[in-house]
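Hi everyone, thanks for coming. I'd like to walk you through one model today, so let me put it up on the screen.

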Amino acid sequence: MRLYIFVLTPIVSMKRIWELLREPLAGRAFTVKERQMLGIHGLLPPSILSQGEQVFVVMQNFFRYESDLDRYIYIMGLLERNEKLFYRVVTENLELMMPIIYTPTVGLACQKYGLIFRKPRSFSISRGLFITINDMDHVYDILCNWPEHDIKAIVVTDGERILGLGDLGSYGMGIPVGKLSLYTACAGVKPNQCLPIVLDVGTNNETLLKDPLYIGLRQKRVSGEVYDAFLDEFMRAAVKRYGQNTLIQFEDFGNHNAFRLLEKYRGLYCTFNDDIQGTAAVTAAGIIASVKITGTPLSQNTFVFQGAGEAAIGIASLLVLAMIEEGTSTEQAVSRIWMVDSRGLIVKDRPKGGITSHKARFAQPHVPVDTLEEVVHLVKPTAIIGVAAVPGAFTEQILTDMGKFNDRPVIFALSNPTSKAECTAEQAYTLTKGKCVFASGSPFKPVTMNGQKLTPGQGNNAYIFPGVALAVILCGVRHIPEEIFLKAAESLAGQVTKENLANGLVYPPLNDIREVSTKIAIDLAKFVYQAGLASTYPEPQDKEEFVRSQLYNTDYESFLPDLYDWPPPGIQCTYEDGNVVCRKVSRI
Ligand SMILES: *[C@@H]1O[C@H](CO)[C@@H](O)[C@H](O)[C@H]1NC(C)=O
């Protein structure tokens with residue numbers, strides 16, 4: 001009989017090292033046994049922390065940083081070092097973390113990405129995949145370089161219109177990374193199934209082209225046929241690599257491409273655009289919830305939109321779908337919607353210049369009216385929705401009128417950031433004598449009136465897209481028709497509690513988003529199987545149990561039992577006095 005005392009590290013196979021890197025490498029949560037098995041005993045301080053204690057340490061560090069950018073760098077560094085801990089921290093502190101890992105701080109981070117980006121130590125999603133126009137004809141090969149194989153969701157940008165900041169080229173990587181981290185934090189999508197991608201076709205941003213830190217291609221944007229061919233190749237390569245049902249979310253493309261690509265691909269691939277569809281759904285949800293406060297059925301409301309761009313049209317189209325569901329005819333539903341753009345009310349036979357076909361659907365048979373104030377006065381809407389980024393567009397007159405015309409006027413000032421909002425929460429509440437139901441795109445602080453605290457709702461896309469993505473991934477949805485977003489909006493609106501409504505809130509608290517997204521996914525799962533949109537078979541009978549059983553779990557797994565191909569054939573091991581003792585069992 002021979003006695004082996006193993007030095008364990010060298011026999012950890014490459015695959016296992018890879019798995020280990022997703023775990024808390026050098027994390028103080030390793031138990032003594034694990035430390036010894038890994039050959040890292042003594043390399044860590046003796047006090048062993050539970051994950052809960054680690055969360056405490058992280059939060060202490062987080063608060064120690066004074067600038068939000070530093071907090072971003074710290075917390076994203078944690079994502080790289082210890083994925084599970086990162087997601088536990090973020091999920092437990094969403095209201096605090098959301099503005100750091102996503103807008104507004106992520107925008108700042110993108111602008112400084114050259115400073116932030118370091119050589120990857122591990123390939124967690126904090127890195128992402130860069131595919132450039134020079135990789136044309138080899139996009140599939142580049143995808144094969146990503147070390148994870150079981151990808152279910154891709155968020156992709158070409159960096160042309162990053163938030164409100166403009167063309168950031170490859171610096172835009174922060175956006176897909178941030179969005180996907182919300183897939184996991186808000187909806188429990190498994191992080192190893194997520195892949196952030198930048199398609200670098202160059203940048204037209206002179207500042208970046210001259211920036212010595214810039215990480216992207218130093219050339220002008222490619223457009224036209226070459227751009228389209230590159231996008232086509234990317235889409236084909238993605239499904240070839242990861243399967244037909246791979247969810248591909250488009251993010252922060254320039255407007256001219258965003259709509260075009262959505263129309264082009266939505267019937268061919270499993271794809272959606274959050275800037276367009278997510279925004280529409282979260283707004284529609286707010287409106288649907290407001291109905292419970294105002295008591296006026298949706299189809300008996302009259303909506304005036306300030307703005308007739310893509311956001312307005314997206315929201316209006318969903319509202320029309322919802323009204324049709326209530327039993328209204330399409331014509332009647334459309335007639336409830338009035339849109340005002342920079343040239344006044346959108347009317348049929350508009351004299352000068354006409355209107356685009358998108359807008360034509362919502363053109364009213366009416367004589368031209370020049371200003372929003374006049375339109376409001378004439379139409380006496382129950383709800384006004386601002387999406388044109390014209391600050392102050394909801395004037396004193398308009399707000400006062402809304403208060404006069406309605407018991408509970410609905411006022412949504414959705415333009416971002418705060419400086420672009422159509423009015424402030426305080427203006428809306430004061431001028432309607434505290435009667436209005438108010439929601440905004442950017443957060444506003446609660447307002448106290450006559451001793452009552454009025455809390456503005458914030459229409460944050462994170463209420464919608466993570467839950468939609470979870471359902472799409474789990475049920476193997478092939479296409480994402482508009483109805484999915486309507487169902488998501490209805491599910492979200494249905495989760496606003498009586499208590500929320502009593503406080504004038506049309507969205508659930510941000511901190512509840514994990515449960516909200518899970519419920520959205522469960523509701524969507526029921527819907528997609530009914531509608532024949534799902535491809536995961538056999539159909540799970542209990543949708544709730546099905547969804548909940550698939551959620552990402554932030555608990556550390558003890559990987560000791562299967563860490564190695566262990567014990568090797570013919571060897572039996574025991575753990576004695578701090579050492580692993582292995583004996584050959586075969587009798588020769
Ligand atoms: C160019 O990039 C910088 C960030 O480095 C950004 O602040 C600016 O808005 C961009 N300009 C345009 C026109 O996109």
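**The ligand and a few backbone details**

Let's start with the ligand: the residues around it are Gln111, Leu165, Gly166, Asp167, Leu168, Asn205 and Leu208. Please keep in mind throughout that this is a predicted model. By class, that shell divides into 3 nonpolar residues, 3 polar ones and 1 charged one.

Which atoms of Gln111, Leu165 and Asn205 lie by an oxygen atom of the ligand? For Gln111, a polar side-chain atom sits 2.6 Å from a ligand oxygen. Asn205 also uses its side chain, with an N or O atom 2.3 Å from an oxygen atom of the ligand. Leu165 contributes through its backbone, where an N or O atom lies 2.7 Å from a ligand oxygen. And how much of the ligand does the protein bury? On its own the ligand exposes 370 Å², and the protein buries 61% of that.

Now, on to the peptide bonds. If you click on Thr103 and Pro104, you'll find that a cis peptide bond joins them, with omega at about 10°. Pro104 belongs to the loop between helix 6, residues 94-101, and helix 7, residues 105-111.

The peptide bond from Tyr537 to Pro538 is cis, and its omega is near 0°. Where is Pro538 found? It is in the loop between helix 24, which covers 513-530, and helix 25, which covers 543-549.

Last topic: positive phi angles. Lys433 is not a glycine, yet its phi is positive, about 55°. You can find Lys433 in the loop that runs between helix 20 (425-431) and strand 12 (437-440). Is Lys433 buried or exposed? Its relative accessibility is 67%, so Lys433 counts as exposed.

Asn450 is another residue other than glycine with a positive phi, in this case near 50°. Its place is the loop between strand 13 (447-449) and strand 14 (452-454). Asn450 has a relative accessible area of 76%, and therefore it is exposed.

Notes
Residues numbered from 1 in each chain as written. Predicted model: local features only at pLDDT ≥ 70, side-chain atom pairs only at ≥ 80, totals over all residues. Heavy atoms only, no water. Helix = DSSP H or I, 4+ residues; strand = E, 2+ residues; numbered from the N terminus. Buried < 20%, exposed > 50% of the residue type's maximum accessible area, 1.4 Å probe, protein only. Near = heavy atom within 4 Å. Polar contact = N/O pair within 3.5 Å; in protein donor to acceptor, adjacent residues only side chain to side chain. Areas by Shrake-Rupley, 256 points an atom, 1.4 Å probe, with all protein chains shown as cover. Nonpolar A, V, L, I, M, F, W, Y, C, P; charged D, E, K, R; others polar.
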